[in-house]
Amino acid sequence: MKNSNNISIIKMKIDILGTEYTIKKCKLNSKHLENKYDGTTDYSTRKIYVSDELEGREYREVMRHEIIHAFLLESGLYTEMSHPGIGHDEQMIDWMAIQYPKIRKVFHELHIDY
Ligand SMILES: [Zn+2]
């Protein structure tokens with residue numbers, strides 16, 4: 001998302017099922033992204049970190065991915081999920097993050113999006 005000055009715009013606070021999350025852009029080599037993630041969700045602080053290098057579709061996909069992590073966490077789906085490791089199944093998160101815009105469009109067309 002760019003404004004007329006080509007400066008990235010990000011909504012810094014978002015309500016996820018009644019819990020406030022803070023969204024911050026940071027450098028890839030920051031301690032949050034460790035040069036290996038485009039985005040992360042810190043469950044202990046309710047902060048989402050996203051790379052300041054992302055833009056356009058890539059930015060939106062990473063943001064959707066992290067927001068879905070937050071929705072699952074606030075729904076009580078985290079450590080007690082049936083999953084070989086601790087936490088969320090990354091394949092499921094990616095599926096939701098990628099398909100959500102298409103699902104939302106169908107829901108909207110059928111007037112079942114609320
Ligand atoms: Zn993830």
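A word on what we have here. This is a predicted model, in which local features need pLDDT of at least 70 and side-chain atom pairs count only at pLDDT 80 or more, while totals for chains, interfaces and linings use all residues. Residues are numbered from 1 along each chain as its sequence is written, and side-chain values use heavy atoms, with hydrogens and water left out.

So what coordinates the zinc ion? His65 (NE2), His69 (NE2), Glu90 (OE) and Glu90 (OE) do, at 2.1 to 2.7 Å. Donors are N, O and S atoms within 2.8 Å of the metal (3.2 Å for Na, K and Ca); water is not among the atoms, so sites may look incomplete. The angles among the four donor atoms run from 52 to 134°, and the site is irregular. For comparison, four donors count as tetrahedral if all angles lie between 85 and 135 degrees; four count as square planar and six as octahedral if opposite donors are over 155 degrees apart and all others between 65 and 115; anything else is irregular.

In sequence, the donor residues are spaced H-x3-H-x20-E. His65 in helix α1 (residues 56-74) and Glu90 in helix α2 (residues 90-109) are 25 residues apart, a pair that links distant parts of the chain. Helices (H or I, at least four residues) and strands (E, at least two) are DSSP runs, numbered from the N terminus.

Is His65 buried or exposed? His65 counts as buried because its relative accessibility is 11%, whereas Glu90 is partly exposed at 41%. The cut-offs: buried is under 20% relative accessible area, exposed over 50%, partly exposed in between (1.4 Å probe, protein chains only). Leaving aside neighbours within four places in sequence, His65 is in contact with Glu90, Ile93, Asp94 and Ala97; contact means heavy atoms within 4.5 Å.

Now along α2 itself. At its N-terminal end, Asp89 is the cap, with a side-chain oxygen 2.9 Å from the backbone nitrogen of Gln91. Further on, a kink of about 50° sits at Tyr100, shortly before the proline Pro101; the bend at a residue is the angle between axes fitted to the seven residues ending there and the seven starting there. After α2 comes His111, with a positive phi near 60°. Most residues other than glycine have a negative phi. His111 counts as exposed, since its relative accessibility is 60%. Leu17, in the loop between β1 (13-16) and β2 (19-26), also has a positive phi, of about 50°, although it is not a glycine.

One more residue: Ser51 in strand β4 (residues 47-51). Ser51 is buried, with a relative accessible area of 1%. Its side chain reaches the backbone nitrogen of Glu53 at 3.0 Å. Not counting residues up to four places away in sequence, Ser51 touches Cys26, Leu28, Leu33 and Asp38.

To finish, the overall picture. The protein has two helices and four strands, running β-β-β-β-α-α from the N terminus on. Of its 114 residues, 29% count as buried.

Definitions and conventions:
Polar contact = N/O pair within 3.5 Å; in protein donor to acceptor, adjacent residues only side chain to side chain.
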